[in-house]
Amino acid sequence: MAVNIFKDKLRHAQLFGKPVLAADQPIPRETVPDGWYCYDMRGTGSDPAAHAELVDYTSYYHSGTVLSPKPLKRPTTKARRIGKGDYFLHGEEMDLEAFCDEYGLDVPDDPIKFEMRPASPDEAGLFYALPAEKDEELGAIGHVRIDFGRDGDEFWHTWWPRGPEGLNTPEFKEELGQIMGQLRRSVLKDFSTMFRLCHIGGGEIGGTAARNYGFVLETERYRYCLRCNPVRGDYQAYLTCFDLRQQELNQVREQDSGPVLGGMG
């Protein structure tokens with residue numbers, strides 16, 4: 001289970017002489033505020049629970065995660081050894097606000113504005129091409145097609161309209177930009193990040209040649225369905241956008257235009 005650094009209490013600790021917040025579980029990197037730093041601690045083969053090294057991220061021998069307002073290693077350093085006495089706990093838990101108050105820091109803003117969840121099996125059809133009449137019924141606006149380039153760290157994207165141009169409003173465009181900005185912090189950061197998050201985040205929605213993964217973000221008016229295809233050499237993501245208000249209007253029209261009783265005289 002991942003840690004919510006803006007709601008959960010973490011352990012008050014010190015590492016390399018600097019105050020940090022620590023947790024046993026991973027901290028999602030997309031939730032780390034700008035100007036803050038997050039690292040994993042890694043154990044060894046003989047003692048997986050030991051705090052032996054500090055790394056950016058580890059998928060094995062994970063023994064903890066630390067959040068720090070200051071960098072704890074150089075960006076080019078792959079692993080920094082944690083020696084005896086380098087890491088210790090103060091014996092208390094505190095949330096991020098209390099930690100900032102303790103050390104005279106400004107409480108950072110939560111960079112995550114929109115909640116993303118794995119798709120359920122019955123939503124799988126929303127992530128693939130639909131007939132034009134189904135697009136109209138669901139209030140489809142269009143989709144963004146994305147790939148990360150040959151090396152996996154580029155970001156190429158193209159907009160494909162799928163509904164009436166009137167749905168592609170300035171309001172929608174502004175919110176789509178915010179959604180894309182958030183996704184670029186996480187699953188759309190680069191190919192390796194997508195590959196990792198897909199395999200730990202759930203939301204498998206099938207696929208013909210490879211596994212595809214679906215994630216949903218919903219706002220007051222729009223639904224965004226992100227299909228991830230973590231395979232090199234192909235388009236790696238499609239973000240389909242639906243207007244929920246238009247969808248409701250279409251449902252009302254369909255109900256109002258129900259079967260006519262009786263016949264012509």
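These questions and answers cover the fold dimensions, salt bridges and a charged patch of a predicted model.

User: What radius of gyration does the chain have, against that of a compact globule of 265 residues?
Analyst: Along its principal axes the C-alpha trace spans about 95 × 40 × 30 Å. A compact globule of 265 residues would have a radius of gyration near 18 Å. The chain has 23 Å.

User: How many helices and strands are in the chain, and what share of its residues count as buried?
Analyst: The chain contains 5 helices and 14 strands. A residue counts as buried when its relative accessible area is under 20%. Of the 265 residues, the share that counts as buried is 43%.

User: Which residue forms a salt bridge with Arg 11?
Analyst: The structure holds 13 salt bridges. In one of them, Arg 11 in strand E1 (residues 10–15) is paired with a residue in the loop between strand E2 (18–23) and strand E3 (37–42), 13 residues apart. The N to O distance is 2.9 Å, and the partner is Asp 24.

User: How many residues apart in sequence are the parts tied together by Arg 185 and Asp 34?
Analyst: The side chains of Arg 185 and Asp 34 meet in a salt bridge of 3.0 Å, N to O. Arg 185 lies in helix H3 (residues 170–185) and Asp 34 in the loop between E2 and E3, so the parts tied together are 151 residues apart in sequence.

User: Are Asp 135 and Arg 162 buried or exposed?
Analyst: Asp 135 forms a salt bridge with Arg 162, with the closest N and O atoms 2.7 Å apart. Asp 135 lies in helix H2 (residues 132–138) and Arg 162 in the loop between strand E10 (156–161) and H3, so the pair ties together parts 27 residues apart in sequence. The cut-off for burial is under 20% relative accessible area. Both Asp 135 and Arg 162 are buried.

User: Which element gives the largest share of the negative patch?
Analyst: Glu 92, Glu 97, Asp 101 and Glu 102 gather in a patch of negative charge on the surface. Glu 92 lies in strand E7 (residues 87–94). The largest share, 3 residues, comes from residues 96–102, which form helix H1.

Key: Residues numbered from 1 in each chain as written. Predicted model: local features only at pLDDT ≥ 70, side-chain atom pairs only at ≥ 80, totals over all residues. Heavy atoms only, no water. Patch = residues over 30% accessible without salt bridge, like charges linked within 9 Å, V, L, I, M, F, W, Y side chains within 5 Å. Areas by Shrake-Rupley, 256 points an atom, 1.4 Å probe, with all protein chains shown as cover. Salt bridge = Lys/Arg side-chain N within 4 Å of Asp/Glu carboxyl O. Lys, Arg positive; Asp, Glu negative; His and termini not counted. Charge placed at Lys NZ, Arg CZ, Asp CG, Glu CD. Helix = DSSP H or I, 4+ residues; strand = E, 2+ residues; numbered from the N terminus. Rg over C-alpha atoms; globule rule 2.2 N^0.38 Å. Buried < 20%, exposed > 50% of the residue type's maximum accessible area, 1.4 Å probe, protein only.
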